[in-house]
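Hi,

Here is the structure I promised to pass on.

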Amino acid sequence: MPKNLVIVESPAKAKTIEGYLGKDFKVASSYGHVRDLPKGGLSVDVDNGFLPTYEIQADKKAVIKELKKLAKDAEIIYLASDGDREGEAISWHLKEALDLNDSQTRRIVFHEITKNAIQNALQNPRGIDLNLVNAQQARRVLDRLVGFEISPILWRKIKGGLSAGRVQSVAVRLVVDREREIDGFNSSSSFKITAHFIIEKGKILNAELPKKFESEDQALAFLEKCIEADFFIEKLETKPSKKSPAPPFTTSTLQQEASRKLSFSVSQTMTLAQKLYESGKITYMRTDSLNLSEEAINAAASAITGDFGSEYSQSRRYKTKSKSAQEAHEAIRPTDFRVSSAGKDYNENRLYELIWKRAIASQISDAQIEKTIATVGISNNDLKFTASGEVIKFDGFLKVYIESTDDENSDEQKGMLPPLAEGQVLELKDLTSRETFTRPAPRYTEASLVKKLEEMGIGRPSTYAPTISTIQKRGYISKETREGRERKFIQLVLANRGIERTINTETTGYEKQKLFPTNIAMVVNDFLVDHFPNVVDFSFTANVEKEFDEIALGEKPWDSMISDFYSKFHSTVEETKLVERSEVNKSRELGKDPASERKVYARLGKFGPVIQIGESDDDDKKFASMRQGQFIESISLEEALDLFQLPRNVGVYEEEEVIAAIGKFGPYVKHNGKFYSLGKELDPLSVSIDEATALINTKRTADANMVIKAFEGNDEIQVLNGRYGPYIKAGKKNVKIPKDQKPEDLTLQECVDLAEKTPEKKFKGKRK
DNA sequence: CAGTGAGCGAGCTTCCGCTTGACTT
């Protein structure tokens with residue numbers, strides 16, 4: 001029987017550590033926090049020193065029972081939860097819940113999972129730091145007070161089930177503010193000049209004018225002057241430069257890169273990383289630390305030297321910039337740098353590879369680059385073109401990893417310039433002036449919102465993914481892909497001494513998986529900004545964090561900090577209860593309906609944003625739901641009136657009426673009881689009877705062709721032609737047909753075999 | 001795969017931060 005019990009937070013960690021310690025140690029896990037404020041009510045005694053009531057969480061009863069049993073058999077119990085505020089509190093709650101006495105209890109902390117670090121920690125035990133525990137308690141109580149006092153006001157004034165909180169309300173505010181910024185953005189255009197020069201046979205020099213022209217006339221004047229001009233290399237500069245690798249991943253940077261490079265959602269990244277962690281492939285994935293253990297740095301150096309040569313090895317130690325970082329873990333890295341590929345499936349594999357590359361690159365030498373800038377003079381003008389190129393002299397870390405950016409305007413990789421000499425005369429091939437438009441700040445993606453929150457010190461690595469999903473579940477934010485619209489731009493091209501003007505089109509505003517606020521988010525946000533400006537202030541978290549730090553240092557009692565906050569906060573809560581519902585959910589008057597001469601309003605109705613024609617006390621007032629992407633604050637009268645044209649009678653086909661409308665799944669036409677989706681090209685307001693019948697007929701032929709093969713005596717299994725190609729339908733299972741198989745040649749047995757080989761599909765949809 | 005929208009009242013919803021599985025269309 002082991003005489004020592006070590007309790008850590010994570011079971012995977014427990015397993016690893018048990019391997020490091022001898023027979024005298026049993027290592028168990030608490031699975032995170034074990035006690036919390038009860039779910040049901042406030043459970044904070046605001047009249048009595050804010051005394052919290054704690055209870056063992058329902059899902060931790062079994063854990064506590066097991067830990068109690070282990071503790072009874074042990075002489076010494078080491079509480080080894082993380083060394084941060086939350087970890088200290090976990091140790092204290094464990095001590096309370098397990099009824100441990102001081103003499104048998106030790107508190108130990110380690111920052112990396114290595115044999116040395118753990119043995120070192122065991123040699124240096126201490127007691128529980130109650131100041132740190134109190135700082136956590138203050139954090140917990142503050143969040144409960146804010147969340148549980150504001151949310152019920154939202155239920156009464158706006159809609160049931162809504163929520164507000166220190167973290168989520170700021171996240172929503174960021175998205176709402178950005179949407180309004182985009183809505184109010186006035187795009188202006190200017191003219192950018194690029195030139196192609198012929199150097200020698202086949203070699204072309206691309207150059208651009210650093211100055212943009214404000215108007216087409218100015219651009220045209222420049223081009224006209226260039227007809228008579230000579231061009232020459234005025235200056236050639238070569239500068240050595242270097243590039244350094246990015247530090248290894250933290251939770252937030254991993255989420256960002258996996259989003260940009262692999263198109264993973266924030267929660268998908270975390271689920272995959274969790275699997276890699278549990279199978280021992282990577283270190284802990286919820287961390288804000290850039291630190292690598294000495295052992296890891298040495299292991300990386302030896303892997304790099306072995307794979308690429310010693311000139312590629314450059315050990316680096318990174319310091320975490322963010323103040324809020326709590327450094328309880330290492331950065332995210334592979335547990336074994338020699339393994340460049342791991343994971344149980346395609347996506348685990350891709351995520352592992354990303355982590356491996358980033359971590360190993362952080363320990364590889366800088367890339368040495370030679371940058372060349374050529375200045376092209378114009379004989380009859382003081383303006384100059386520039387052309388730049390770079391040559392990689394030593395690739396260094398670029399051999400394995402290139403970081404991506406969110407910046408949509410960032411230059412693609414620059415190539416090498418053709419051989420040039422100062423004074424060299426250039427032959428102009430063509431010169432283009434293209435109208436370009438200024439763009440507003442981009443909408444957030446899940447990952448870029450996490451990045452922003454982290455920069456502001458709001459939220460923690462363990463909560464980024466849940467926060468992003470909460471604000472979507474509450475109906476504040478939706479993640480959408482939206483088609484862009486076409487925009488015309490002017491282009492002037494000078495070639496062969498003549499200038500040609502064309503008007504071309506480009507697509508703008510295409511948004512892929514971006515975050516859009518809903519009307520409810522706007523109403524809730526405005527309410528919070530009006531009445532609780534301090535709580536949704538972008539620096540609220542940073543301010544209270546400073547106070548939590550003071551509590552942790554023993555410089556301030558936790559309950560007086562909470563009391564200072566609460567007295568003002570709670571009186572605001574009481575005042576706010578008196579605010580009228582109609583004051584919070586204002587209806588906006590859009591104008592008059594020309595048909596009925598009645599007023600038109602936009603407001604948040606019981607079932608969502610709605611347009612209303614007629615006064616609220618009219619018996620025959622009319623309603624229409626607003627469409628996605630329409631906002632109460634910005635919808636025009638014209639757009640609003642359009643909504644009343646649906647459902648619309650498109651015409652008659654085969655003696656049956658064709659109706660166009662918008663349903664739950666988007667715009668559709670209905671004919672003879674069947675629905676046909678209109679897709680993105682056709683608008684239900686303008687779709688013609690010809691377009692509608694064409695759609696009905698294509699869908700019919702597709703239906704007729706759907707069954708490729710059926711088997712006699714077995715109606716469970718069929719070979720079908722689906723949207724993504726042929727597939728086998730075996731009961732409820734859909735099985736893709738391998739490329740080397742012809743669908744029409746499949747036998748029943750082959751279908752059965754393929755179906756059996758395919759694992760049950762995991763559910764990926766929304767939970768009810 | 002709609003059109004809904006009164007007012008009353010009971011009883012429900014909610015926070016953030018630590019952890020994993022169990023569960024569902």
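Residues are numbered from 1 along each chain as its sequence is written, chains are lettered from A and ligands numbered from 1 in the order in which they are written, and side-chain values use heavy atoms, with hydrogens and water left out.

First, confidence. Chain A has an average pLDDT of 90, pLDDT being the predictor's confidence in each residue, from 0 to 100. Of the residues, 93% score at least 70. Residues 761–768 are another matter: pLDDT there is below 50, and beyond near neighbours in sequence the stretch has one contact in the model (contact means heavy atoms within 4.5 Å). Where pLDDT is low, the predicted coordinates should not be read in detail.

Now the strands. Helices (H or I, at least four residues) and strands (E, at least two) are DSSP runs, numbered from the N terminus, and two strands pair if DSSP finds at least two bridges between them. An open sheet of four parallel-paired strands runs in the order β2-β1-β7-β8. At its edges sit β2 (25–29) and β8 (105–107), each pairing on one side only. From one strand to the next, the twist averages 25°. Inside that sheet, β1 (residues 4–8) and β7 (residues 76–79) are joined by four bridges, and Val6 has Tyr78 of β7 as its bridge partner.

Two helices lie across these strands. Helix α1 (residues 11–20) covers β1 and β2, at about 170° to β2; helix α2 (residues 61–72) lies across β1, β2 and β7, at about 165° to β2. For such angles, axes are lines fitted to C-alpha atoms, for helices over the stretch in contact, and the angles run from 0 to 180 degrees between N-to-C directions.

Elsewhere, β11 (residues 231–243) runs antiparallel to β12 (residues 367–378), with 12 bridges between them; Ser241 stands opposite Ile369 of β12. β11 also runs antiparallel to β14 (residues 425–437), joined by two bridges, and here Phe232 faces Val425. Then there is the hairpin of β23 and β24, with two residues between the strands, where Glu654 takes a positive phi near 50°. Five bridges hold that antiparallel pair, with Arg648 partnered by Ala660 in β24.

Last, a helix pair. How do α15 and α16 pack? Helix α15 (residues 540–552) meets helix α16 (residues 558–576) at an angle of about 155°, with axes 9 Å apart. That makes α15 roughly antiparallel to α16 (under 35 degrees counts as roughly parallel, over 145 as roughly antiparallel, 65 to 115 as roughly perpendicular and the rest as oblique). Phe540, Val544, Glu547, Phe548 and Ile551 of α15 touch Trp558, Met561 and Phe565 of α16. By class, that contact has seven nonpolar, no polar and one charged residues; Ala, Val, Leu, Ile, Met, Phe, Trp, Tyr, Cys and Pro count as nonpolar, Asp, Glu, Lys and Arg as charged, and the others, Gly among them, as polar.

Cheers

Terms used
This is a predicted model: local features need pLDDT of at least 70, side-chain atom pairs count only at pLDDT 80 or more; totals for chains, interfaces and linings use all residues.
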